[in-house]
Structures are given as C-alpha cells and as structure tokens.
Amino acid sequence: GVQVAEPPIRPAPEDDHSLPDEHGGAVRARRRQLAERFLACVDAGLGALVAGQMFDSASFRQLGTTSVWKKGQVLQHQDEWSHRTLWYIVRGQVATFRKHVDGTVSMTELRHRGTIIGEVGFFLDQPRYGTFKAVEDGTETVQFTLENYRQLAKAEPTIAEHLHVYIVEMTTSCIKRQAHEINLLLSLIHI
C-alpha cells in the first residue's frame, strides 16, 4: 500500500474551546485524531485514497462501480432521483450545472480528483440539485450506492467511518464557506 507521512501537528478547531474541560477533553482528542487522519490524506493528495489508502481496500473498488467519462458526459441530470448514489472522483473533474427557473444555466460547483460529488442525494435520498458533468476526457469515478456503503461498513468498518467523516467534513466546509460568502454580501448591503 501507499505510505502516508505523518501529518504535522495542527491546532484543533476554534470551537473546541467552547467545550467544558471535564467533557470536552475526550471530544477534542477524538476530533483532533479524526482531523489528523483526514489531513494526512489531504497532505498525500486525496487521489491516493482509491489507490491504497483510507477509502480503499480490496472492498472499495469491488463494491463500487468504476466508470471513465468523456468531457461533457453526464453522470446524472438535475431533478433525477439520486437513488442514494455518490461518486468518488479518482481522476479528472466533475462540475455541477443548475438550470434556473428563468432558463439560464450556471455552474455551481467544480469537484476535482480526490473529492466526492452527490453526497447530499446520497444521505437525503432526493432529486439532484443540478446536473453532474465530466469536465475533461478520462474523468474516472467510483460510483457508490447506499447498499455498497452498507456492505463496506460490514466488511471494512474503519474505511466506512473514514468515508463518512470525509463527507461530513466536506459538507461542513462547504456550509462554512457559503455562510462566509453570505456574511460578506450582507456586509456590503449594510455599508
């Protein structure tokens, strides 16, 4: 397998200080441990995950479905039911395009090698917010369904936990970024 260098010690998230010491110590330690594992993957370049680290085991690729896409090829259309499916991007990029009520289409997100797309539909089992398209030829994905995830959780519980933590971290980061952007816009309005 691929060896990942030990990540540098990084400070705990700011909100850790809000926890009382008698209860927060174990929570802070667990958060730090999970964050350091995740950051080790980031430092290694998340593309290594499918090639032998964290999300991978013999089980990961066997349980998921690997596909290679051409530029412009659609993984799934806006408003189609998600069927509790997500894709891990092994190589290339996938963009989300949203068709608005006025008929305009905009790219709302761009995901790259080592990230996951479709996680909201995977967890909430609802129609897609946008259309997922490969941005370049040779974009490779591993498609994962809820059933695949359940099988992975039984066969490789640690890997399933890493996948879950990664998705939560990514979603949290997106929410924080959007909240920051909203605050910036609101500050411009109140000038």
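Partly exposed means a relative accessible area between the buried limit of under 20% and the exposed limit of over 50%. Keep that in mind on this tour of a predicted model.

**Stop 1: the loop between β2 and β3**

Select R84, in the loop between β2 and β3. Its relative accessibility is 24%, so R84 counts as partly exposed. Now check the backbone. R84 is not a glycine, yet its phi is positive, at about 50°.

Stay in the loop between β2 and β3 and pick D79. Phi of D79 is near 75°, again a positive value in a residue other than glycine. Most residues other than glycine have a negative phi. D79 counts as exposed, because its relative accessibility is 55%.

**Stop 2: the open sheet**

Show β2, β7, β4 and β5. These four strands form an open sheet in the order β2-β7-β4-β5, with antiparallel pairing. Which strands are at the edges? They are β2 and β5 (105-112), and each pairs on one side only. On average, neighbouring strands of this sheet are turned by 30° against each other, direction ignored.

Zoom in on β7 (residues 131-134). β7 pairs with β2 (residues 74-76) in the antiparallel sense, over two bridges. Select V74 and you will find its bridge partner, K133, in β7. Then select Q76, which stands opposite F132 in β7.

Turn to β4 (residues 93-99). β4 and β7 run antiparallel and are joined by four bridges. T96 has F132 of β7 as its bridge partner.

**Stop 3: the nonpolar cores**

Colour the largest nonpolar core, which has 17 residues. The residues with the most contacts inside it are L86, I116, F144, Y149, L152, L163 and I167. Elements giving two or more residues to this core are β3 (85-91), β8 (139-145), α4 and α5 (157-189). Which element gives the most? It is α5, with six residues.

Next, select L75, I89, F132 and A134. They are included in a second, separate core of eight residues. In soluble globular proteins, nonpolar side chains tend to be buried together.

**Stop 4: helix α4**

Select α4 (residues 146-155). L146, N148, Y149 and L152 are buried in this helix. Look down the axis of α4: the buried residues fall within an arc of 155°, so they line one face of the helix. An α-helix has 3.6 residues a turn, so residues three or four places apart point the same way.

Now pick Q151, also in α4. Buried, exposed or partly exposed? Q151 is partly exposed, with a relative accessible area of 32%. Q151 and L63 are 88 residues apart in sequence, but their C-alpha atoms are 7.5 Å apart in space.

**Stop 5: α4 against α5**

Bring α5 back into view. The axes of α4 and α5 come within 5 Å and cross at roughly 130°. That angle lies between the perpendicular range, 65 to 115, and the roughly antiparallel one, over 145. The two helices, α4 and α5, are therefore oblique to each other.

To see the contact, select Y149, L152, A153, K154 and A155 on the α4 side. On the α5 side, select P157, I159, A160, L163 and H164. Y149, L152 and L163 are also among the residues with the most contacts inside the largest nonpolar core.

Technical notes:
Residues are numbered from 1 along each chain as its sequence is written. This is a predicted model: local features need pLDDT of at least 70, side-chain atom pairs count only at pLDDT 80 or more; totals for chains, interfaces and linings use all residues. Side-chain values use heavy atoms; hydrogens and water are left out. Buried means under 20% relative accessible area, exposed over 50%, partly exposed in between (1.4 Å probe, protein chains only). The arc is that of the directions from the helix axis to the C-beta atoms. Two strands pair if DSSP finds at least two bridges between them. A nonpolar core is a set of buried Ala, Val, Leu, Ile, Met, Phe, Trp, Tyr and Cys residues joined through side-chain atoms within 4.5 Å. Axes are lines fitted to C-alpha atoms, for helices over the stretch in contact, and angles run from 0 to 180 degrees between N-to-C directions. Angles under 35 degrees count as roughly parallel, over 145 as roughly antiparallel, 65 to 115 as roughly perpendicular and the rest as oblique. Contact means heavy atoms within 4.5 Å.
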